[in-house]
Amino acid sequence: MKRVHNLAIVDDDDAFVFLTKEMVAETNMVDNISVFKNGKVALDFIEMNRGNEEELPEIILLDLSMPVMDGWQFLEKYSQLDPALAKKISIYICTSSISPDDVNRAKAQSNVSNFMVKPVTPENLISMIRQLN
Amino acid sequence: MYWVDTTIVPFLNEENKPYRYVAIRADITPRKKVEEELVKYSSALEYQNQQLIDFCYIVSHNLRGPILNISMLVDFIEKTADIEKQTEAFSKIKPVISHLMEVFDELVESIQVKQDTEIISEELDLEESTKKVLIGFKPLIEKYKAEVHFDFSESDRIDFPRKYLDSILTNLISNAIKYRSPERDPRIEIKSKKQNEDVLLTVSDNGLGIDLEMHRDKIFKIRKTFHEHPDARGFGLFMVKTQVEAMGGSIWLDSEPDKGSTFYIQFKNQEL
């Protein structure tokens, strides 16, 4: 099975980041995990590495509620960037929100692969990585 | 004064000119009263409903997350055999609990405002209230060389709960200083003017400003912050809006990134 080279977590929640990093490491299917604490930092990184296949993540776990630039705003800016990227990135929204508004809004986004309501479990992660291959 | 519903039927002669008429008049004052009541009732219901939607949003976005975190951290500690990882996970529980308690206290505080419909308004002197609030900011004003100007010559009095006015002024002044531009000394202008029966208070600064295109719908929401500042909690503006609206008023803003912000607060029915 193909390994995931880079997985990025875009989330400002320290406990979630810790737990998810542990879970991802446990799957033994991912080489590098990077963490961005809001949409802006992640977007800047992707923009800077737009042509750099080695650095770009294959998977982004995206939180919705973050300071400075939230998940929705990230998606909006990302869609303008998408065609210029050296790598296809799968974006998974991970949110603790159970609001139907958020689910519907996420479904309307063409560049979102899936919508996961937290808690994210090891099973979620493994099936997500499998889907990628 | 009373309300009348009138129907007039003219009788026309051969030249199509009215030569007499019948007027039927009915006193509909009671019906009008009921209608007025209904309008009031329906806008109160609309307000309550919005509050409920906001509350559900807060439960979904601000309470569910930390509760999940605690439960997941405890699960992790139970499952892992690695003592170091256990200790690390354990150390992450406390901040989540204090975060949860903070959000919870904020919610309680805001609900208290919404339910405190009996709060007493009194005649307040805007200049005196502002000066009093500014005393608390003296050290910060000196530290950051802030200039504060105020002008209440057009309208210097409002009828409002003292506690709320103090909170509104404190939060807005504190924000103006907290989110000052690193490139210039902060300058804050506080003014008031009369608008029919209402009083409009404006608080302007030359600070960082907020990107309204990006954040317009979140400005007054709980736990929303727009700058990376260690003391940004996302509670001040939420509380200010709650207090202003509880008294029937409204709040909005103009803002431009790197230029500054102006907050407008409309105090309703200020015929003093």
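Is the crossing of helix 4 of chain B and helix 6 of chain B left-handed or right-handed? The points below take this up in turn.

1. This is a predicted model, in which local features need pLDDT of at least 70, side-chain atom pairs count only at pLDDT 80 or more, and totals for chains, interfaces and linings use all residues. Residues are numbered from 1 along each chain as its sequence is written, chains are lettered from A and ligands numbered from 1 in the order in which they are written, and side-chain values use heavy atoms, with hydrogens and water left out.

2. Chain B has an average pLDDT (the predictor's confidence in each residue, from 0 to 100) of 90. The complex is given an ipTM of 0.87 and a pTM of 0.74.

3. Helix 4 (residues 162-178) and helix 6 (residues 236-246) of chain B pack at about 150 degrees, their axes 9 Å apart. Helices here are DSSP runs (H or I, at least four residues), numbered from the N terminus. Axes are lines fitted to C-alpha atoms over the stretch in contact, and angles run from 0 to 180 degrees between N-to-C directions. The two helices are therefore roughly antiparallel (over 145 degrees) to each other.

4. The crossing of helix 4 and helix 6 of chain B is left-handed, meaning that the near helix is turned anticlockwise from the far one by less than a right angle. Contact (heavy atoms within 4.5 Å) involves residues including Tyr164(B) and Ile168(B) of helix 4 and Leu237(B) and Val240(B) of helix 6.

Terms used:
Parallel < 35°, antiparallel > 145°, perpendicular 65-115°, else oblique.
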